[in-house]
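Okay, everyone, thanks for coming. Let me put the model up, and then we'll walk through a strand and a couple of pockets.

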Amino acid sequence: MTPLGERLVAQIRATGPMDLASFTTLCLGHPVLGYYGSRDPLGVAGDFVTAPEISQTFGELIGLALAQRWLDLGRPAPFHLVELGPGRGTLLADALRATATVAGFHGSMKLQLVETSPALRARQAQALTEHGPVWHEDLASLPGDGPLLLVANEFLDVLPIRQYVRTEQGWRERLITADQDGELGLTLSARTMPLDLDPAAAALPLNAVIELSPARSAVMAEIAGRIAGQGGMAVLIDYGGSDPAGDTFQAVKGHEKIDPLTFPGEADLTSHVDFRAAGLAAAKAGVGVFGPVTQGEYLGRLGIMTRLFALVRGRDQARMLELESGVRRLIDPDAMGELFKVMALAPHDTPPPPGFLAEERLGA
Ligand code: SAH
């Protein structure tokens, strides 16, 4: 058992079983023993690899989409370029290199990074120093005036979920408990929970598992409220689908999926994003919601193949193949192209964000 795991066992013995969201918050966010507290989890030597680390085209195309929106808005100055959970800062570094020739874009921009990890803030500072970023612990301290162009890749999946299991008596919450040997295990709440579910989820069979994320809905509502009030656009990319059914709570350590209860604080804990719930939370806050569309479709529309052809020109064969295989990983249905989805938010009465069609607006 890990040092954090031992503390969790002691806490559960003292106060009783713990819900998955509390467990996740401690495992990821504990300032000393938490997963994101001290380490850089990205890359080949780390636990997982993300799209911007796989291909420079990812950040470049998103950067151009953001700059296009800025031009469509009439070049507002100042505006805030915001990233939630920027990792190593690679997406923004690629985005800002690609937009260097958009006259006035960098000069009007204030770079705002929402990041809790000190280790990753240091990486971001290295990658983005010339653009003078300002860091925030959460969205609450972002400036309240001026439009936001916001991007978040693999950020929503780290926000905690709670799970419920359908029993004869109704929905019971899945909780984490500790046995006599000091091992963590799963149990169900003694009481049933009155859940406000849509008809499809309410009709799920016995033993079905559903996942709800109040934390994710709250973040979506906050982003949406700001986009509606301050103007701009948000682009959210993550793995997931469009319903709450299924157990997707997962841990990854050293590029392997492991049992989420075995290495508390030493493995990344995530779950699939329910984009329907996320979109509804945003729509309620009064913003236009677009998508989700698959990552493969979105990057195709933004011109990833054209960008690839330009990049490989004049390169040796080994480099060409490397560039091509990166792009393939991002867009192939068997790799990240289909599991990953893209959703965008924009104020009502504005044109669809770059990469989206008018009929992809929620409720259109
Ligand atoms: N977007 C990056 C990194 C994804 S990993 C990429 O695509 O490579 C998740 C990121 O979110 C990390 O930067 C992590 O430190 C950050 N993070 C995790 N929990 C957070 C929280 N509660 N608030 C802000 N940032 C958080």
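Strands (E, at least two residues) and helices (H or I, at least four) are DSSP runs, numbered from the N terminus. Keep in mind that this is a predicted model, where local features need pLDDT of at least 70, side-chain atom pairs count only at pLDDT 80 or more, and totals for chains, interfaces and linings use all residues. Residues are numbered from 1 along each chain as its sequence is written, and side-chain values use heavy atoms, with hydrogens and water left out.

So, strand E2, residues 79-84. What does E2 pair with? On one hand there's strand E3 (residues 109-114), parallel to E2 over six bridges, and there Leu81 sits opposite Leu111. Then there's strand E5 (residues 148-153), also running parallel to E2, with four bridges joining them. Val151 in E5 is the bridge partner of Glu83.

Now, is E2 buried or exposed? Six of its six residues are buried, so E2 is largely enclosed by the rest of the structure. Buried here means under 20% relative accessible area, with a 1.4 Å probe and protein chains only. In a regular strand, side chains alternate between the two faces of the sheet. In E2 both faces are covered: Phe79, Leu81 and Glu83 are buried on one side, and His80, Val82 and Leu84 on the other.

On to pockets. A pocket is an open set of points on a 1 Å grid over the protein atoms alone, where a 1.4 Å probe fits, with protein on both sides within 12 Å along at least five of seven lines; lining residues have an atom within 4 Å of a point. Volume is the space filled by probe spheres set on the points, joined across faces, edges and corners.

The largest pocket holds about 790 Å³. It has 39 lining residues, and Tyr36, Glu115, Thr116, Phe155 and Val158 lie nearest its centre. Helix H2 gives the most to that lining, four residues.

Methods: Buried means under 20% relative accessible area, exposed over 50%, partly exposed in between (1.4 Å probe, protein chains only). Two strands pair if DSSP finds at least two bridges between them.
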